[in-house]
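Here's a quick briefing to read with the model open in your viewer. Have a look at the backbone first, then at the packing.

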Amino acid sequence: MTSTDTTSDARNALVALRAEVGKAVVGNDAAVTGLIIALLCRGHVLVEGVPGVAKTLLVRALATALDLGTTRIQFTPDLMPGDVTGSIVYDSRSAEFSFREGPVFTNLLLADEINRTPPKTQSALLEAMEERQVSVDGRPRPLPDPFIVIATQNPVEYEGTYPLPEAQLDRFLLKLTVPLPAREDEIGVLARHAQGFDPRDLSAAGVRPVAGADQLAVARAAVAGVTVGPEVLGYIVDLCRATRAMPSVRLGVSPRGATALLAATRAWAWLSGRAFATPDDVKALARPALRHRLNLRPEAELEGATADGVIERVLATVPVPR
């Protein structure tokens, strides 16, 4: 099999993920695509949505369809760093100390309600996200590959929470929003449950592995080879710089945000079957790649300004290269 055939097979397998996850989750194609892009870019994802819109089921179905390991951590105010990373324990039988791995040692880590845990525990997760390792007892311990964090937040309940600092928000590749389903999709959800669908038993729902770590590795190498012309690079930079000049913005998109948009753009172009990126690819990923990197002025928020609204205005005003 040629390299081109191998790459094409990897793309087809990853595209098939959407249909496979759709056997368990109704109407969240955009979120599934965002998670696939994050896997291709080795990036982490912040998912925002009210309770009950299948965020946890989405991650579990994706892990099953990719044949990857997944772990869920429910973040709470009393969660300690060792509860995430693991800790040194004493084995009375061998009379020795040994390291017991925490739930972070997995492929897809679902950090549920990440803003409900104190900064000390958030910072332990930050090292895992940034360095892809954890340090326990002064020794670095590498995490599996692939490894991405999928963190969730409830957008309507902030009492007793610890908002993520800007530095940690900036380390998420994408911020995806999971809306309430449309009426037809909600009817579809109820119809599945009426027919006996059990969200805890994905195998009974017919979800099967359609891709794996090997296809993901091939896909990542192919994404790295996607060509991005100087005019597209300039367009990405112009969009990010324009956010810093918006009157409603206190803190605009950083250079790290520009590199995140570039990475996501290349992954989207490859998934679309092209070896080069276009300005339309940049537009398609601008909102999820940039919305969490904007810090709005309080007075602008009181007047109804939103991060997505700022990005819409930037996309409408920055000239698109031809």
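Does Ala-54 count as buried, partly exposed or exposed? At 27% relative accessibility, Ala-54 counts as partly exposed, where buried means under 20% relative accessible area, exposed means over 50% and partly exposed is in between, with a 1.4 Å probe and protein chains only. A heads-up before the rest: this is a predicted model, where local features need pLDDT of at least 70 and side-chain atom pairs count only at pLDDT 80 or more, while totals for chains, interfaces and linings use all residues. Residues are numbered from 1 along each chain as its sequence is written, and side-chain values use heavy atoms, with hydrogens and water left out.

- Most residues other than glycine have a negative phi, and most peptide bonds are trans.
- Ala-54 isn't a glycine, yet has a positive phi of about 75°; look for Ala-54 in the loop between β1 (45-48) and α3 (55-66).
- Helices (H or I, at least four residues) and strands (E, at least two) are DSSP runs, numbered from the N terminus.
- Arg-132 isn't a glycine either, and has a positive phi of about 55°.
- Arg-132 sits in the loop between α5 (119-131) and β6 (133-136), and counts as partly exposed at 24% relative accessibility.
- Going from Asp-145 to Pro-146, the peptide bond is cis, with omega near 5°; Pro-146 belongs to the loop between β7 (139-142) and β8 (148-153).

**Helix packing**

- Helix α8 (residues 213-224) and helix α10 (residues 255-271) have axes that come within 9 Å and cross at roughly 110°.
- That makes α8 roughly perpendicular to α10 (65 to 115 degrees; under 35 is roughly parallel, over 145 roughly antiparallel and the rest oblique).
- The axes are lines fitted to C-alpha atoms over the stretch in contact, and angles run from 0 to 180 degrees between N-to-C directions.
- On the α8 side, Ala-219, Ala-222, Val-223 and Ala-224 meet Arg-266, Ala-267 and Trp-270 of α10, with contact meaning heavy atoms within 4.5 Å.
- By class, the contact of α8 with α10 has six nonpolar, no polar and one charged residues (Ala, Val, Leu, Ile, Met, Phe, Trp, Tyr, Cys and Pro count as nonpolar, Asp, Glu, Lys and Arg as charged, and the others, Gly among them, as polar).

**Aromatics**

- You'll find one aromatic pair in the structure, with pairing defined as ring centres within 6.5 Å for Phe, Tyr and Trp (its six-membered ring).
- Phe-99 and Phe-105 have ring centres 5.8 Å apart and planes at 65°, so the pair is edge-to-face (over 60 degrees; under 30 is stacked and the rest tilted).
- Phe-105 counts as buried, at 15% relative accessibility.
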